[in-house]
Amino acid sequence: MEIEGAAVQFHHHGYVSGDPRVQPAAGVGLRHEADGGMGDLPAETDVLIVGAGPAGMIAAAQLAQFPGIAVRLVDRRPGRLEVGQADGIQARSVETFQAFGFANRIVEEAYRITEMCFWKPDPENPRDIVRAARTPDDPHGISEFPHLIVNQARVLDYFAEYARHAPGRLAPDWGWEFRTLRVEGSGEFPVVVTLRRASGAGPAGGAAEGDERVIRAKYVIGADGARSRVREAIGRRLEGDQAFHAWGVMDVLAETDFPDIRTKCAIQSHDGGSILLIPREGNHLFRMYVDLGEVSPDDAGRVRLTTQEQVEARANRILHPYTLTVRHVAWRSVYEVAHRVTDRFDDVAPDDVGSRSPRVFIAGDACHTHSAKAGQGMNVSMQDGWNIAWKLAHVLDGRAPETLLDTYSAERHEIAVDLIEFDREWSALMARRPEDMDDPSQLEDFYLRTIEFPAGFMTRYRPSMLVAGDEHQGLATGFPVGRRFTSHPVVRVCDANPKHLGHHHRADGRWRIYAFADADGASSGSRLSRLADWIASDPGSPVVAHTPEGADADAWFDLKVVYQEDHTRIEMDRVPAAFLPRTGPFQVVDYEKVYAADPRDDVFEARGVSRDGAIVVVRPDQYVSAVLPLTATDELAAFFAGVLRPQPATA
């Protein structure tokens, strides 16, 4: 499947002759361009991100879209990651990449998983393994996006490019190690952080190895991994248990007669353990998670001394009668499975929740750890980073009150707990001998039954200031409140181009309001027309109440309409002005917000949208906040009044 290109709009600020993905610099980005880079570390910054892994890098990429916010991203490594440990890219992550404009490019270089094979002991000769089942990777068609394998380093490269080309022109400050942090009770920059120039790093702003710098920040995001010092500094601890089971993992080039070496496989032997086989991008490399068996509670980490030769011998025992001869090891590790999570993802003590706003946040492995075999670490970490980044941007940009930040820990902690429970069951099944299972097909049955969870589509946020109730869910059953907006094909009216509605949701910090028209939506007296008039002119309209004076009408809200009629029956000159906003310094009309149902695949039917129409409100991170009737203007106004600040011109 070819993914639709990112919704890049340009020329509305004047002719663009270069790469349109490079947005014009603005705000702090103008200073960075003038300085020829990020320059030396400042004494103060709005946001300090510690750790340039998946959570930290996506947070930086999102915040770079807000050039009025000063952001620094530090990492102790001397430069970009060259070989990453994570490699599985779930469909929800590819959907996220689409929002950041690089889904197509990463799909081109990735390995795509289309099916999974399950190998088990041969009933006639248990020492040998045989293929027992072959299952499609997405048998239910839960996503139009593929399941990919690509090195974590490339994912980070793409996010770094996006941040570098965003208006804020943000780039990492390499070679700085986090040392200490304290939160003072007052002041504009209450978080005091000490950094040290890391060993082996070259000069940066005149700093030599061992030099320390103190930065004061309004907020800090700790995305510095499972051994997070930011987590320690705010008194959070990973709590949970260790499975006392070890795995050797290796990315290798090898010679083998195993027939499914280029297919994702779960391989269970009679007495040698299990292997999870994952082909890598580029056609030759593959990864193996090799079961090393139970670990004694008093092992004290000695299992990590297992040699590469021992891992290969174990792999050959599991693969029998097939053989594996490793020619080159690109990367290897030995780890013990642990399932741990912190009690909160910020620095507010449980007794202080509601009495003060958080200043320090932790994300990714800093607040949840689990096995790598479900392919969730990088994927869940990215959603952590995106969740907190757009919320910080809203607060610092003056769009929302600080209470918005309380929702980060509340939302993401529950997801982490669910992830660990899922991974605990999956890891236990992978480590169990087939003959010890209740049913011989238990592993593949679990894989098929839970496919939506690892794909990233089971996340559902509870009601909060960001998520309304589901009283009107029946108006759009295919857009569950609290879950991510599920895209569907439509036709763009202005040029008859087939488009995927959700693929135009860019990571620009805007809210989406989708107005699904009633049956006579094209007429002047329809519910849709009355809604459009209200949105364009009423003081209670979120567009009127919350858009800053002098800003484009769609600066904070991306308002789209989807008609039930065929696109040939919609005349653009009769579309309400609310859906044809004027943008840019020349105030030219944006025609790309008007859509019609595709009669061959009707979005109203496919997504259970009422023929009476509906409003679907979607957050900046693509999750549905509310489903409302077209007539529910008071409810729409009240929802946004609870999330956003009124702007001075209309306050």
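Let me start with charge. In this protein chain, the mean positions of the 71 positive and 96 negative charges are 3 Å apart. Please keep in mind that what we are looking at is a predicted model.

Now the overall picture. The protein chain has 15 helices and 27 strands. Its radius of gyration is 26 Å, close to the 26 Å that the globule rule gives for 651 residues, so the chain is as compact as a globular protein of that length. Taken along the principal axes, the C-alpha atoms fill a box of roughly 75 × 60 × 55 Å. Buried residues account for 58% of the 651 residues. The accessible surface is about 25,600 Å², and carbon and sulfur atoms hold 48% of that. As for contacts between residues at least 6 apart in sequence, 74% of them join residues at least 24 apart.

Next, some helices. Start with α2, residues 54–63. All told, 10 of its 10 residues are buried, so α2 is largely enclosed by the rest of the structure. Those residues run from Pro54 to Leu63, and include Met57, Ile58 and Gln62. What do the buried residues of α2 pack against? The partners are the strands β1 (44–50), β2 (71–75) and β11, along with the helices α3, α5 (152–165) and α8 (377–396).

After α3 comes Gly101, which has a positive phi, near 85°.

Another partner of α2 is β11, and Lys218 lies in that strand, which spans residues 212–222. Is Lys218 buried or exposed? Its relative accessibility is 16%, and Lys218 therefore counts as buried, the cut-off being under 20%. Leaving aside neighbours within four places in sequence, Lys218 is in contact with Thr45, Asp46, Glu188, Phe189, Pro190, Val191, Arg359 and Leu396.

The background is simple: an α-helix has 3.6 residues a turn, so residues three or four places apart point the same way.

At 5% relative accessibility, Asp260 counts as buried. Not counting residues up to four places away in sequence, Asp260 touches Cys117, Trp119, Arg131, Cys265 and Leu277. Take Cys117: it is 143 residues from Asp260 in sequence, yet the two are 7.8 Å apart in space, C-alpha to C-alpha.

Last, some backbone details in loops. Which peptide bond is cis? The one from His320 to Pro321, with omega near 20°. Pro321 sits in the loop between α7 (308–319) and β16 (324–341). Asn283 is not a glycine but has a positive phi, near 85°, and is found in the loop between β14 (274–279) and β15 (286–294). Gln587 also has a positive phi, near 50°. Gln587 is placed in the loop between β23 (582–583) and β24 (588–589), and at 36% relative accessibility it counts as partly exposed.

Terms used
Residues are numbered from 1 along each chain as its sequence is written. This is a predicted model: local features need pLDDT of at least 70, side-chain atom pairs count only at pLDDT 80 or more; totals for chains, interfaces and linings use all residues. Side-chain values use heavy atoms; hydrogens and water are left out. Helices (H or I, at least four residues) and strands (E, at least two) are DSSP runs, numbered from the N terminus. The radius of gyration is taken over C-alpha atoms; the globule rule is 2.2 Å times the number of residues to the power 0.38. Buried means under 20% relative accessible area, exposed over 50%, partly exposed in between (1.4 Å probe, protein chains only). Contact means heavy atoms within 4.5 Å. Accessible areas come from the Shrake-Rupley method with a 1.4 Å probe; for residues, only the protein chains shown count as cover. Lys and Arg count as positive and Asp and Glu as negative; His and the chain ends are not counted. The place of a charge is taken as NZ of Lys, CZ of Arg, CG of Asp or CD of Glu.
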